[in-house]
Amino acid sequence: MAAYSELLLAKYAQFREQDEFIDVRLKVGEEVFSAHRIVLAASSDYFHAMFAHGMKEANQEVIELKDENISAAALKNVLDSIYSGNFTAVNDENVFEVLVAADHLQVTSVVQQCCEYLQTEFVQLRSDMQTYCRICTIADRHGLKDLQEATQRNMASRYKEVCESEDFLSHIDADQLSNLVLRDDLSSPSETFVFRSVMQWIKHKKEERMSAAAKVVGAVRLGLVDIKDVIRELNTEEMKQVPEIQNLLLESLVYNQIPSSSTFGEKKIMPRSNGLVLVAVTSKSQMQYFDVEAKAWKPLTTLPPAPEMNTKYPYSVKFGCKVFVGDGCWVQCYDIERNVWEFKLYYSGAGTISNLCSIKDNLYPIPSSVSHIPERYNLAECRWQRFAKVNIKEDSSNSFYNSGATAMHSNLYVLYGHKTKVQSSWQIQNAVLHCFDPLRNRWQQKASTCLPHFGSSLFVVSGKLYVAGGCVSVLESGTPFGKPAPVEVYDKGNNTWSVVKQSRIPPNELGAVEIKGNVYFIINKFLIDSGIRIPPGELYPVNLDDWKNLGKVDKKASLCYIPLKSDSLNVD
């Protein structure tokens, strides 16, 4: 029967192509498309109602579709899909346009195919904040609940990553943000982190967003937020003008002092089902997690031990439900959902991998030497692909050292420590930033840092690029040594670096740095948000004694955040 149906559909397509038995033509702008009423009525509730219920178009030979949601290109795609039963003409550039047109014309089969395409290509593989907002808007407007749920679920699992981007601050609207924050499966290091991200979103466009402040703040589980943060952010002159905000502040204060007297709903005090947990992965060892309340590393007995690894540089990157961990010239893959070490990838680009980044559906292992030909791994196609070599010429008089790599705004950034040989002695130079554009397969040299950097970490905080950790010099072996390198921030608009003063951070072994009043730790080159906030005007150094155990982890361990349910945190 299936073969007969396919044969019948093929015949209809043949008739359409040869302009046989055509009894209706559809016009959009200046374009006219031939069709058969019976095929349109069978595929579209819109056309069925038009032809069966005596509408004026029922007897017209040419029907003009004037709706602005339907373009000629989109209609052609919809008709091609109806007549062929295939969906090959839809791609990243036109899928939204075809979806909107198919939904308007009530062609259920094409709408479903568009949704499946989006869930696979965008949601599962390379969803960014702009795409998320666009899909949510279309899904909500057209009642596509499955697509909306899949998109929200994907963003909830990557909340820590996406909420620190410039796109998050600029593109997401109040409804989309509150719906995301209300989700029980939102992955975040803490509820205080969620609260701060919401406040940052409000402040980014304060004048237009204050009207929605109560809605987005109300979505946060305020009973779990550090009360000092709540008071500092909500007890301001601007926030006092919003009665709903003041009620939330009062309830938070009551709950903090007398929990039994609070009228907070259960949702406001219930931990989320999937919290982000800091995990350490060490060769042939049980994985560990850092218990934030106990301030101690504990074994994760519900997770399988890591396989044998031989890595000189600890690194890892989370991509969807998988974590990729460094292993010299190999990349080990751990599947979070299946709770198994799944496979490992051999990096054939030569040399040792010193960093690993992800952009959309590609993994970028960064070799320790600039002389090696770089390769990226496409997770959708399961294959390695060479990409352009960085524009650095290394010779007997110039040596470069990978001093950090990260992804920002869909580009790859790599910082290289640099030293030059003058006569018989080496002179240390400032580090040089290079940016790779995947769309153009091209590197571009950016500004040099204010001071030298070797063995540092490159990372993104609130949509800006920072470098910290490491030293200002390097030994012949490539080992960083000497005085600690400063914290610097990159101004993308002006292409300049500037030093970030660290006046309130005491001497420590946790790589602690202060960025905009927030305290971060750098352990094994991995950035960790401590949750410590330094009040404006504070003159005294922060107390880091409670966090000393954080540094008591294997120096070869790769650190990462992964979402884990509370019942997974079982301890021997």
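**Entry 1: Lys525**

I began at Lys525, which sits in the loop between strand 26 (518-523) and strand 27 (526-533). Helices (H or I, at least four residues) and strands (E, at least two) are DSSP runs, numbered from the N terminus. A note to myself: this is a predicted model, where local features need pLDDT of at least 70 and side-chain atom pairs count only at pLDDT 80 or more, while totals for chains, interfaces and linings use all residues. Residues are numbered from 1 along each chain as its sequence is written, and side-chain values use heavy atoms, with hydrogens and water left out.

I saw that phi of Lys525 is near 65°, a positive value in a residue other than glycine. Lys525 counts as partly exposed because its relative accessibility is 32%; buried means under 20% relative accessible area, exposed over 50%, and partly exposed in between (1.4 Å probe, protein chains only).

**Entry 2: Ser456**

Lys525 is one of the residues that Ser456 touches, not counting residues up to four places away in sequence. Contact here means heavy atoms within 4.5 Å. Others that Ser456 touches include Ser403, Gly404 and Val467. Ser456 is in the loop between strand 18 (442-448) and strand 19 (457-461), and at 0% relative accessibility it counts as buried.

Which side chain makes a polar contact with that of Ser456? I found His453, at 3.2 Å. A polar contact is a pair of N or O atoms within 3.5 Å; within protein, one must be able to donate a hydrogen and the other to accept it, and residues adjacent in sequence count only if both atoms are side-chain atoms.

**Entry 3: Phe21**

Next I turned to Phe21, in the loop between helix 1 (2-17) and strand 1 (24-28). Phe21 has a positive phi of about 60° although it is not a glycine. Its relative accessible area is 60%, so Phe21 is exposed.

**Entry 4: Ser399**

I then found Ser399 in strand 15 (residues 398-408). Ser399 counts as buried, at 15% relative accessibility. Leaving aside neighbours within four places in sequence, its contacts are Glu394, Gly417, His418, Lys419 and Trp426.

**Entry 5: helix 8**

Last, I checked the length of helix 8 (residues 145-157). Its 13 residues should span 18 Å at 1.5 Å a residue, and the end C-alpha atoms are 18 Å apart, which agrees. The expected span is 1.5 Å times one less than the number of residues. Among the buried residues of helix 8 I noted Leu147, Ala150 and Met155.
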